[in-house]
Amino acid sequence: MLNVGTGAPSLGVERARAIHDACIRAAEAGDIDWLAPEKSFDIAFAGDPDAVRASLRETVHDEWPLDINVLPITSRRKKLLIADMDSTIVGCECVDELADFIGLKPKVAAITERAMRGELDFPSALRERVALLKGLPLDAMARVYAERVRLNPGARELTATMRAHGGYAVLVSGGFTYFTKRVAAAAGFDSHQGNRLADDGRALTGRVDEPILGREAKLEALETSAARLGCSAVDVLAVGDGANDLDMIRRAGLGVAYHAKPVVAAAAGASIVHGDLTGLLYLQGYRAEEIRKE
């Protein structure tokens, strides 16, 4: 199955036809099946996926804002959603925004970027960043959430639609429970987990409670949640953007790199570069009329 989506206002009928023609040249392909008019479509095909990909590379231009993914046609709709928070469900890195209140955002953001690219050990990088936050008044967290944390487009639709069809949604983060609790409630997740910042009742102490939840904890959350729901990894959709999401993305039946770092995009079975979070629904074959707002 080929799924095509876009981040542009319109995918364009001519581009859809060009993609369809490329599929037909490489495999026995069905008609264009529009999931959302001008926004996303499927093409079922029988043949070598690599041949289809090669034909598409000869047809699709780099400047076309399209997300094109080859997917299994079976077990397409997932029962469990495991999603990263920072730069996936929300549009910022909360630790970087906290650091901005003490004039250290560039320094902390540089460490965050390297950690998300897989260049640094995540627990060590988190301890280093949290240490720089020592003395930050607790009300800074409330200000960051109120002023800077915003759900990415499609977040509520993603959880609402999957839950309406019997799914369960878990928010997992190497960030902080102060934010995961609030983001999970705002976006409609069933549960959440994150790291706990230590404080003295007035300000942050510069420490984070151990053990630090990172790459291994996200994979454990996937496996534990799947077992509790009585489903297998095939039934899981995992999505994230950074290196600490790699294990859960690789384990999931549908692992998606969302506007991700190169190391994640290279390892994921599917990727969204241009579209918003509703693209995760189209990857599962949902149609526009099935998407819920709340």
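Predicted model: local features only at pLDDT ≥ 70, side-chain atom pairs only at ≥ 80, totals over all residues.
Local features need pLDDT of at least 70 and side-chain atom pairs count only at pLDDT 80 or more, while totals for chains use all residues. Residues are numbered from 1 along each chain as its sequence is written, and side-chain values use heavy atoms, with hydrogens and water left out.

**Exercise 1.** State how many helices and strands the protein chain has, and compare its radius of gyration with the globule rule.

Solution. Step one: with helices (H or I, at least four residues) and strands (E, at least two) taken as DSSP runs, the chain has 12 helices and 14 strands. Step two: the radius of gyration, over C-alpha atoms, is set against 2.2 Å times the number of residues to the power 0.38. The value is 20 Å, close to the 19 Å the rule gives for 294 residues, so the chain is as compact as a globular protein of that length.

**Exercise 2.** Find what share of the residues is buried and what share of contacts joins residues 24 or more positions apart.

Solution. Buried (under 20% relative accessible area, 1.4 Å probe, protein chains only) applies to 51% of the 294 residues. Among contacts (heavy atoms within 4.5 Å) with a separation of 6 or more, 66% join residues 24 or more positions apart.

**Exercise 3.** Describe the nonpolar cores and the surroundings of Ile89.

Solution. Step one: a nonpolar core is a set of buried Ala, Val, Leu, Ile, Met, Phe, Trp, Tyr and Cys residues joined through side-chain atoms within 4.5 Å. The largest has 56 residues, and Ile89 is one of those touching the most other members. Step two: beyond its neighbours within four places in sequence, Ile89 contacts residues including Arg150, Leu171, Phe189 and Leu277. Step three: another core, of 18 residues, lies apart and includes Ile82 and Cys231.

Terms used: Buried < 20%, exposed > 50% of the residue type's maximum accessible area, 1.4 Å probe, protein only.
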